[in-house]
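Subject: Structure handover

Hello,

Here is the structure for your files. My notes follow below it.

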Amino acid sequence: MVCKNPGTYTSIKRDAQNRFAYMFFAPATSLAGWSYCRLVIAVDATFLKSKYRGVLFVVVSKDANNQIFPLYFGVAESENNEAYIWFFREMRKAIQVRHELVFLSDRNQSIVNGIRKVFPEAHHDFNQLMSQLKSIDKKTYNYIMEEPPERWARSWFSRRSYDMLTTNMAESMNSVLLKGREMPILRMLDFIQEKLGEWFYERRKKANETFHRVSIWAEEEMTKKMDLACKMFETWLKTYEGHVNTVGDQKSWDIPQNVQSEITKPPDVEILQGRRQKKRHIPVTESVPFKSIKCSRCKQVGHNRTTCLSSPAPHPYLKKHTEKYSNL
């Protein structure tokens, strides 16, 4: 079988009824480029909008030009301990575990449990430091310990997190993949492949056209972060040396017989009726900014250009509004 992207790591887990349960996907170009990215990765999950539902796991980092670098993807029925433990185990098989690796995540306890189980070296024991704090100021110690320590981004580890303290880059990736999340899993993977191919081509081209020893972003930051910038020589181009190839038309696939015989059934889930939700529900606790309507003709608020009465330009509703206000 001719592999379009040699080195890509994929894995599928089936349940006892041979139905699809979990999926892990690590593009070959991401595996190669990861060696030149920062030692910080963000983990997040977002809901799929196809008829089988489920969640999409997303793991990203940042490259030498401070751009989001896609690393690994996965699919599961929900965010739970078993799914994350399986996902992180497959991730550990696929990647080269680098010293002082830092994880960024939201407050999902399943992510924390999975990292603890699979990446125990990512956990930093700070009990000794907390004991010192307790002996100095017990009131402050009690106040801090009201929240579980794993929720403290800077107390969990004593490693370098650069300027990345949130999972915003993973959430940004979720937004980019919004259209793909509405597709079946295999089509969604094709969508991700095509998107990665575009990014790698554009960034590789831009890196080749840069003749400085550091990336554009690093050059701008050099005066403020000289030590950090000088460590990024040529790593931007090396990150995108790999080429992402599309899988091509299904008729051109050369599938071995032993693979054809393995049939994975769709997950056994209840398919809900009606139109599927595409926008998230805004909770009552979240405030929504009010956006007033502004007319593009007279620049006043409260109406649009179609219903504008101040504009000298005639429009199809002019007679309607003239009659309306003449009767007042």
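In these notes, buried means under 20% relative accessible area, exposed over 50%, and partly exposed in between (1.4 Å probe, protein chains only). This is a predicted model, in which local features need pLDDT of at least 70 and side-chain atom pairs count only at pLDDT 80 or more, while totals for chains, interfaces and linings use all residues. Residues are numbered from 1 along each chain as its sequence is written, and side-chain values use heavy atoms, with hydrogens and water left out.

Helices (H or I, at least four residues) and strands (E, at least two) are DSSP runs, numbered from the N terminus.

Helix α3: the buried residues are Ser110, Ile111, Val112, Gly114, Ile115 and Val118. They pack against β3, α2 (81-94) and β6.

Asn108: this residue sits in the loop between β6 (102-104) and α3 (109-118). Asn108 counts as buried because its relative accessibility is 17%. It caps the N-terminal end of α3, with a side-chain oxygen 2.8 Å from the backbone nitrogen of Ser110. The side chains of Asn108 and Glu79 are joined by a polar contact of 3.2 Å (a pair of N or O atoms within 3.5 Å; within protein, one must be able to donate a hydrogen and the other to accept it, and residues adjacent in sequence count only if both atoms are side-chain atoms).

Helix α6 (residues 168-176): Met169, Ala170, Met173 and Asn174 are its buried residues. They lie on the same side of α6, because they cover an arc of only 150° around the axis, taken from the directions from the helix axis to the C-beta atoms.

Regards

Key:
Contact = heavy atoms within 4.5 Å.
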